[in-house]
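Take a minute to turn the model around on your screen before you read on.

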Amino acid sequence: MTKLFQQLGNRLLQDTSAPFLEQGAVIHTSGGVRDRVSEFAAALKEAGIVANKRVAVALPMGVDFLAAVLAIWRLGSSYVPLPPDEALSRSQSMARVAGVSALVAKRGSPLFGGDAPFASVEISSDGGLQASRGPGGGG
């Protein structure tokens, strides 16, 4: 995994206008993806995430999923993939068993409701990120 992260990081540092990821009709440049990784890293820090934490990512495959995972790795933590369309009780159970400290998901995800003890980063419909330290005050 470290080698993959290094290779992706090296590609992101190269020509920032170079195509990096195609998502439907949109082609994301390496500079755009690098900036999105930085946005996620800042939001995760604001949510209290530091090294050696587990962060659940409940997003469909795409640029935000990739950026969230790279940001989590940048902070020295690990990610736990949660299928965004999984049944709520199953996802909550998977998060508890994995010992996650935070959740990254689209705003409105049912995983944010109830008594979820996570810090969180919510993605709004316009792509903005909102960090929350959760009920316990930190990750």
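Let's start with S91, which you'll find in helix α4, the stretch covering residues 88-98. Keep in mind that you're looking at a predicted model. Is S91 buried or exposed? Its relative accessibility is 1%, so S91 counts as buried; the cut-off for that word is under 20%. What does S91 touch, if we skip residues up to four places away in sequence? The answer is L82, P83, E86 and L111.

Look at the β7 end for a moment. Strand β6, residues 119-123, pairs with β7 in the antiparallel sense over 4 bridges. Within these strands, E122 stands opposite Q130 in β7.

Next, the aromatic rings. A pair of aromatic rings is described by the distance of the centres and the angle of the planes. There are 2 aromatic pairs in the structure. One of them joins F65 and Y79 edge-to-face, with 6.0 Å centre to centre and 85° between the planes. Why does this pair tie together parts that are 14 residues apart in sequence? Because F65 sits in helix α3 (residues 63-74), while Y79 belongs to strand β4. With a relative accessible area of 10%, F65 is buried, whereas Y79, at 26%, is partly exposed.

Finally, let's follow the charges. Side chains of opposite charge can pair when their charged atoms come close. How many salt bridges does a search of the whole structure find? It finds 6. In one of them, D64 pairs with R36, and their closest N and O atoms are 2.7 Å apart. This links distant parts of the chain, with D64 in helix α3 and R36 in helix α2, 28 residues apart. Both D64 and R36 are buried.

D64 also meets the side chain of K106 in a salt bridge, at 4.0 Å from N to O. Here the link runs from helix α3 to strand β5, where K106 lies, and the two residues are 42 residues apart. At 14% relative accessibility D64 counts as buried, but K106, at 38%, counts as partly exposed.

And back to E122, as promised. E122 forms a salt bridge with R107, their closest N and O atoms being 3.8 Å apart. E122 is in strand β6 and R107 is in the loop between β5 and β6, 15 residues apart. E122 counts as buried at 17% relative accessibility, and R107 as partly exposed at 41%. To wrap up the charges, salt bridges that share partners join R36, E39, D64 and K106 into one network.

How values were computed. Residues numbered from 1 in each chain as written. Predicted model: local features only at pLDDT ≥ 70, side-chain atom pairs only at ≥ 80, totals over all residues. Heavy atoms only, no water. Buried < 20%, exposed > 50% of the residue type's maximum accessible area, 1.4 Å probe, protein only. Contact = heavy atoms within 4.5 Å. Pairing = 2+ DSSP bridges. Phe/Tyr/Trp six-rings, centres within 6.5 Å; stacked < 30°, edge-to-face > 60°.
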